[in-house]
Amino acid sequence: MPPVLAKLSIEHLCVAFNDEMPAIGDVSLQVADGEFVAIVGPSGCGKSTLLKVVAGLQAARSGTVKVARAAPSDPEPKIGFMFQRDTLLPWATVTSNISVGCELSGLPKEKHAERIASLISLVRLQGYENHYPAALSGGMRQRVSLARLLAFEPDIYLMDEPFGALDYQTKIVMGRELLRIWEASRRSIVFVTHDIEEAVALADRVIVMGARPGRIVASHDVVFERPRDPRSLRGDPRFGALVQTIWSELAIAD
Ligand SMILES: Nc1ncnc2c1ncn2[C@@H]1O[C@H](COP(=O)(O)OP(=O)(O)O)[C@@H](O)[C@H]1O
Ligand SMILES: [Mg+2]
């Protein structure tokens, strides 16, 4: 087997906001190229902080974080971030919002229109090109956010409860859409959620975190074959068993 390249490598990370208990104690985590890792854990255990450190938005007290560049000639790795609340520009249309991702990616201007059209069709927003975010549902706004993120072509996707504000049904649909898109491109994803079923349905591996200090308490490989249909997976007894196991780990960790 060829060696598995680590896209993200976190070694002995410690993050502290004050002199008291660190928000993140000694955390080490490797994410392989093309791997989909989900992180679950109780509120306040440091999930968002972990992603922020990887994105360079938060400093660490100690430890190292490395994201591998796609090509040695790239000046730095491209890190994509998606939040629970959309960060779309309210005064810009769907097309203009997605074009921000194209700009950041360095795509030549003359190729933007074609790229945006293909992304709009990928996230199934045809007909909404000239709509403003206020005229879209929550699910549709997250589709635009996803298209903008894809336009940026990140080396790694950091997603912090991206579907957490959506209703149950929309969340399931968005999970299925994300898998469809990810299965075609296989970029590394670190996906934070408080929804254990969502984590198991989507990821190759589920990391369970505990709090005070934030730390990894368990890691589970999810063996369901791909492509997956998150809806039908939920009826599989192995699915229920893994969800139960993670529940009990969270109960202990809390
Ligand atoms: N900017 C900050 N300043 C001080 N404390 C913070 C800051 N950001 C997060 N924290 C604290 O760090 C801990 C982890 O927060 P966070 O990463 O947001 O948790 P999670 O995303 O798992 O809910 C919490 O105790 C939170 O109060
Ligand atoms: Mg959070």
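Q: What makes Arg 212 worth a look in the hairpin of S8 and S9?
A: Arg 212 takes a positive phi, near 50°. The hairpin has four residues between its strands. Keep in mind that this is a predicted model.

Q: How do you know that S8 and S9 pair, and in which sense?
A: Two strands pair if there are at least two bridges between them, and S8 and S9 have six. So they count as a pair, and the sense is antiparallel. One of the bridges links Val 208 to Ala 218 in S9.

Q: What about S3 and S8: how do these strands run, and how many bridges join them?
A: Strand S3 (residues 36-40) and strand S8 (residues 205-210) run parallel, with four bridges between them. At least two are needed for a pair, so these strands pass too. Among the bridge partners are Val 37 with Arg 205 and Ile 39 with Ile 207.

Q: Is Ile 39 buried or exposed, and how do you know?
A: Buried means under 20% relative accessible area. Ile 39, which sits in strand S3, comes out at 0%, so it is buried. Leaving out residues up to four places away in sequence, Ile 39 touches Leu 29, Lys 47, Leu 50, Val 190, Phe 191, Val 192, Thr 193, Ile 207 and Met 209.

Q: How many disulfides does the structure hold, and how do you know?
A: It holds zero. A disulfide needs two cysteine sulfur atoms within 2.5 Å. The sulfur of Cys 14 is 15 Å from the closest cysteine sulfur, in Cys 45, so that's too far for a bond.

Q: Are those two cysteines buried or exposed?
A: The cut-off for buried is under 20%. Cys 14 has a relative accessible area of 13%, so it is buried. Cys 45 has 0%, so it counts as buried as well.

Q: What makes Cys 45 one of the residues around ligand 1?
A: Being near means having a heavy atom within 4 Å. Others around ligand 1 include Phe 17, Ala 23, Pro 42 and Ser 43.

Q: Which part of Lys 47 and which part of Gly 46 come close to an oxygen atom of ligand 1?
A: For Lys 47, it's a polar side-chain atom, at 2.9 Å. For Gly 46, it's a backbone N or O atom, at 3.0 Å.

Q: Which residues of helix H1 (residues 47-55) are buried, and what follows the helix?
A: The buried ones are Lys 47, Thr 49, Leu 50, Leu 51, Val 53 and Val 54. Next comes Gly 56, whose phi is positive, near 80°. H1 lies across S1, S2 and S4, at about 120° to S1.

Q: How do you know that strand S1 (residues 6-15) and S2 pair?
A: At least two bridges are needed, and these strands share six, so they pair, in the antiparallel sense. One bridge links Ser 9 to Gln 30 in S2. Both strands belong to an open sheet of three, ordered S2-S1-S4.

Methods: Residues are numbered from 1 along each chain as its sequence is written. Chains are lettered from A and ligands numbered from 1 in the order in which they are written. This is a predicted model: local features need pLDDT of at least 70, side-chain atom pairs count only at pLDDT 80 or more; totals for chains, interfaces and linings use all residues. Side-chain values use heavy atoms; hydrogens and water are left out. Helices (H or I, at least four residues) and strands (E, at least two) are DSSP runs, numbered from the N terminus. Buried means under 20% relative accessible area, exposed over 50%, partly exposed in between (1.4 Å probe, protein chains only). Contact means heavy atoms within 4.5 Å. Axes are lines fitted to C-alpha atoms, for helices over the stretch in contact, and angles run from 0 to 180 degrees between N-to-C directions. A polar contact is a pair of N or O atoms within 3.5 Å; within protein, one must be able to donate a hydrogen and the other to accept it, and residues adjacent in sequence count only if both atoms are side-chain atoms.
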